[in-house]
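Q: Could we go through the surface and the charged pairs of this model? Please start with the terms.

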Amino acid sequence: MLCGSAHLLSFSGTDTIPALTIPENYYNDSDLYGFSVQATEHSVMTSLGPEGEFDQVLNVIDKAREGILSIVIDSYNYRNFLTEAGKSGTDLNEAILNFLDGENNKVVFRPDSGEPVSTTIDCLNLLSEGFGSHLTDKGYKVFDLNIGLLWGDGLNYQKIRDILFAMKSSGWAAQNIIFGMGGGLHSNVTRDTQRNAFKCSAQLRDGEWHDIFKNPLDSSKKSKTGRFKLVNDNNSFKTIPIDGEGEDCLQTVFKNGELLIDDMFADIKSRALNYSNNRI
């Protein structure tokens with residue numbers, strides 16, 4: 001719930017229903033901040049067995065409404081699925097083309113297993129063989145039709161980077177793929193991810209402040225010493241001595257059982273967006 005609501009500060013796409021309760025229950029904000037798309041998953045796609053996979057997806061496409069339709073393709077063999085989808089004259093190909101005739105419709109194919117980099121490139125090539133592609137003015141391939149890939153299995157920053165580098169090396173534009181953000185991108189984080197830790201840096205004893213610090217043989221773990229404040233220096237936050245120049249950005253939100261600042265979720269989302277835009 002917490003990870004999903006943090007995701008909603010920067011994105012509006014989510015399948016995490018509990019995340020939608022955070023703004024209302026904790027921030028007095030009844031607006032809806034997360035939305036999803038039409039999508040299949042494995043219990044749907046495997047319900048008729050291997051021999052009924054294409055019948056099932058035909059039923060899904062037939063019942064789909066206008067917009068994005070995400071189809072999981074690795075229930076059995078993603079290569080067979082994409083070959084059938086792109087083969088002219090097959091029922092699956094005709095169903096997909098008919099759906100894509102809708103002005104705002106898009107089909108996204110989701111391989112959900114395998115080695116991310118090689119599987120992504122393989123899927124892009126198979127889709128290009130079936131549905132065609134062309135070059136942008138920068139010389140990268142994009143699909144002729146409103147289709148794409150969705151990859152969301154076991155991703156982290158490094159894997160996303162590797163996929164995009166491989167796509168670039170193979171001549172594919174990044175616009176052909178969407179990345180799903182699973183639990184690993186939000187919750188597989190420890191204090192060592194950004195070497196973050198809390199250490200005491202000063203103590204008030206008998207009315208006088210005393211600087212304290214740790215300085216082990218591993219000097220990378222030396223802690224700051226003295227009293228500090230957090231300042232914003234050209235959209236870059238820095239910790240400086242408390243008597244340094246600049247306004248302290250830290251505010252007391254909760255003290256002695258009293259909530260001192262009662263922000264709405266929209267306020268926090270706006271701050272996150274403004275900070276990201278200024279950083280870019």
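A: Buried means under 20% relative accessible area, exposed means over 50%, and partly exposed lies in between (1.4 Å probe, protein chains only). This is a predicted model, in which local features need pLDDT of at least 70, side-chain atom pairs count only at pLDDT 80 or more, and totals for chains, interfaces and linings use all residues. Residues are numbered from 1 along each chain as its sequence is written, and side-chain values use heavy atoms, with hydrogens and water left out.

Q: Is Phe254 buried or exposed?

A: Phe254 is exposed, since its relative accessible area is 58%. Phe254 lies in strand β12, residues 254-255 (a strand is a DSSP run of E, at least two residues, numbered from the N terminus).

Q: Switching to salt bridges, how many are there?

A: The whole structure has 6, a salt bridge being a side-chain nitrogen of Lys or Arg within 4 Å of a carboxyl oxygen of Asp or Glu.

Q: What does Arg110 pair with?

A: Arg110 bridges to Asp112, with the closest N and O atoms 3.0 Å apart. Arg110 is buried at 16% relative accessible area, and Asp112 is buried at 18%.

Q: And which residue does Lys63 bridge to?

A: Lys63 pairs with Asp62, the closest N and O atoms being 3.4 Å apart. Lys63 is exposed at 56% relative accessibility, and Asp62 is exposed at 58%.

Q: What about Asp233 and Lys238?

A: Their side chains form a salt bridge of 3.1 Å, N to O. Asp233 is partly exposed at 33%, as is Lys238 at 39%.

Key
Helix = DSSP H or I, 4+ residues; strand = E, 2+ residues; numbered from the N terminus.
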